[in-house]
Amino acid sequence: MDYKKILTIQDISCVGQCSLTVALPILSACGVETCVLPSAVLSTHTAGFSGFTFRDLTDDMPDILAHWQKETIFFDAIYTGYLGSEKQIAYVLDIFEKTSKDGTVTIVDPAMADNGNLYSIFDMNYVNAMKPLCKQADYVIPNITEACFLTDMEYRTDYDRDYIDTLLEKLSELGCKNVILTGVSYTKETTGVVVYENGEYRYYEHPLLPNSCHGTGDIYASAFTGALMRGNSAYDAAKIAAEYTMECIKVTEQIPNHWYGAAFEPALPKLIELLKL
Ligand code: PXL
């Protein structure tokens, strides 16, 4: 049986349905062994809660890596999300190098911004530190805001295919190999995802749901990674992740006052069905 072992590196937000508390269950549901490296521990995520605690785990990373090397541990894939500091990004690059084997796939979600703004703890130094990590990855999964920060492009909510093509070209110039650009919306009623692989552009369009939820970027990237690891093409994985994310939003709409995250758990059977597991 093809049983893949994947490492995911991102924070634990104890409350808030994002990052590791989303990635671990989703990847496990996809049937892949999921190893974790928490980049930081926060009492909640940083979007909408105030006074959250933040324990940066950067300094633990070199020892964790040294132990894995001693144990000759390697991964079939490494997927990164929200990271705690610029210094940490350098360690992550080292982890890519030292825990990869032939055929290891690296996936970077440069989780740092949305709706035109950086998340509260980040600045342009962090954006600049993220660039070499994106360059190193086999797949980068930015939203339009993150893509704009990475390429110094103006963020726009009203755009056409030329704008998206330029954004993709600039990401390519930055050294990104394959890009899954999320939240690309060409009409008022639809949104979708562009899969830019080996210089080829493919677009998966679906209805735009009236409500959006915090944490759907993490749900999307985790489902994409899991589907890719189960042998789907990047385009099929992007499509499965989009359908699953929509289902999570629909479930969340049924829950009163669930403002801080998406209720991804009741939708897990849908993901398993989409994966035909
Ligand atoms: O990727 C979303 C995310 C993850 N982790 C933390 C966050 C956010 C978004 O705000 O604050 C800590």
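This is a predicted model: local features need pLDDT of at least 70, side-chain atom pairs count only at pLDDT 80 or more; totals for chains, interfaces and linings use all residues.
**Entry 1**

For T46, I read a distance of 2.6 Å between an N or O atom of its side chain and an oxygen atom of the ligand. H214 also faces a ligand oxygen atom, with a polar side-chain atom at 3.1 Å. I then checked how much of the ligand the protein covers: taken alone the ligand exposes 310 Å², and the protein buries 98% of that.

**Entry 2: the site**

Where does the ligand sit? I located the ligand in the largest pocket.

**Entry 3: the sheet**

I turned to the strands and traced an open sheet of 9 strands. I noted their order as β3-β2-β1-β4-β5-β8-β9-β10-β11, with mixed pairing. Which strands form the edges? I identified β3 (54-56) and β11 (200-207), each of which pairs on one side only. As background, I recall that strands of a sheet pair through backbone hydrogen bonds, either parallel or antiparallel.

**Entry 4: a parallel pair**

I examined β4 (residues 75-80) and β5 (residues 100-108), which run parallel and are joined by 5 bridges. Within β5, I found I107 opposite Y79.

**Entry 5: an antiparallel pair**

I then followed β10 (residues 190-197), which pairs with β11 in the antiparallel sense over 8 bridges. I looked up the bridge partner of E197 and found E200, in β11. How many residues lie between β10 and β11 in their hairpin? I counted 2 residues between these strands. In the turn, I recorded a positive phi of about 45° for N198.

Conventions. Residues are numbered from 1 along each chain as its sequence is written. Side-chain values use heavy atoms; hydrogens and water are left out. A polar contact is a pair of N or O atoms within 3.5 Å; within protein, one must be able to donate a hydrogen and the other to accept it, and residues adjacent in sequence count only if both atoms are side-chain atoms. Accessible areas come from the Shrake-Rupley method with a 1.4 Å probe; for residues, only the protein chains shown count as cover. On a 1 Å grid over the protein atoms alone, a cavity is a set of points where a 1.4 Å probe fits but cannot get out, and a pocket is an open set with protein on both sides within 12 Å along at least five of seven lines; lining residues have an atom within 4 Å of a point. A molecule sits in a cavity or pocket if more than half of its atoms lie within 2 Å of its grid points. Two strands pair if DSSP finds at least two bridges between them. Helices (H or I, at least four residues) and strands (E, at least two) are DSSP runs, numbered from the N terminus.
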